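Work through these exercises with the model open beside you. Try each task before you read its solution.

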Amino acid sequence: MSEKKQPVIANKNRTAAAEERLHEIVLAAVDIINERGYNGMSLQAVANKVGITQAGVLHYVGNKEGLLFEVIEHYYDRSSSSEDYFSLFEPGGVLEDGRPKIPEYCRLIVAENAHQPEMVMLFQMLNTEAISPAHPAHDYFVNRTRGVTERDGAEHDWSVPEGVDAQLALSVALAAMYGLEGRWLARPDEIDYEAEWARFEDVLFPLPLWEGYR
């Protein structure tokens, strides 16, 4: 097996104009990855889409792997509504005496993702390709999915019915969500993502067992 290339770290001390250009490059990369996958993306294709030279793209991102991690940093390593949700239960939060609920948490993710299908498609595409250990983002996605299911499942004091394994319930719910996302992206005209998730909730968190915990 060939050794994975390491991303070249480009200059982070950028002007506002440089940040705007980098944003254009990242958006172009997202479009191309959604069409062809990361492996099918070329720096020249990104350059053509932005209207600059390939050398110009390299100036901002270092190399292809650097561009991939710029994409990840822009869209997956920033705060989200789920992090805002957990902050409500921290000391000083408006719900600091309460406990987070898995169905409520999942509903927030679904609502957020329903309004950014291009980002969900990007995640699905990269996550699938990154199954290969040779992919430059393999470790990132392995650790990300492990963190969401294992860390979040164990770290938070979830409000769940007696006898329910919170970590397992979260893991199953997120797996179902990921599967539904794939169906929704393939058939957006047929599937209302949020409405379909509401039907999933009735199966994943059935009443009356989950009454008061949803």
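The expected span of a helix is 1.5 Å times one less than its number of residues. Keep in mind that this model is predicted.

**Exercise 1. Compare the span of helix H9 (residues 166-186) with its expected span.**

Step 1. Count the residues: H9 has 21.
Step 2. Apply the rule of 1.5 Å a residue: the expected span is 30 Å.
Step 3. Go from the first C-alpha to the last: H9 reaches 31 Å, close to the expected value.

**Exercise 2. Which residues of H9 are buried, and how are they placed around the axis?**

Step 1. Take buried to mean under 20% relative accessible area.
Step 2. List the buried residues: Ala-166, Ala-169, Leu-170, Ala-173, Leu-174, Ala-176, Met-177, Leu-180, Glu-181, Trp-184 and Leu-185.
Step 3. Find their arc: they cover only 165 degrees around the axis, which puts them on the same side of H9.
Step 4. Recall the general rule: an α-helix has 3.6 residues a turn, so residues three or four places apart point the same way.
Step 5. Turn to the other side of H9: Leu-168, Ala-175 and Ala-186 are exposed there.
Step 6. Look at the start of H9: a side-chain oxygen of Asp-165 comes to within 3.0 Å of the backbone nitrogen of Gln-167.

**Exercise 3. Describe helix H10 (residues 193-204) and what its buried residues pack against.**

Step 1. Find the span: the twelve residues of H10 reach 16 Å, close to the 16 Å expected.
Step 2. Pick out the buried residues: Tyr-193, Glu-196, Trp-197, Phe-200 and Glu-201.
Step 3. Find their arc: they cover only 155 degrees, so they sit on the same side of H10.
Step 4. Name the partners: the buried residues of H10 pack against helix H6 (102-114) and H9.
Step 5. Check the N-terminal end: Asp-192 caps H10, with a side-chain oxygen 3.3 Å from the backbone nitrogen of Glu-194.
Step 6. Move to the segment after H10, where Pro-208 lies. A cis peptide bond joins Leu-207 to Pro-208, with omega about 10 degrees.

Technical notes:
Residues numbered from 1 in each chain as written. Predicted model: local features only at pLDDT ≥ 70, side-chain atom pairs only at ≥ 80, totals over all residues. Heavy atoms only, no water. Helix = DSSP H or I, 4+ residues; strand = E, 2+ residues; numbered from the N terminus. Buried < 20%, exposed > 50% of the residue type's maximum accessible area, 1.4 Å probe, protein only. Arc of directions from axis to C-beta. Polar contact = N/O pair within 3.5 Å; in protein donor to acceptor, adjacent residues only side chain to side chain. Contact = heavy atoms within 4.5 Å.
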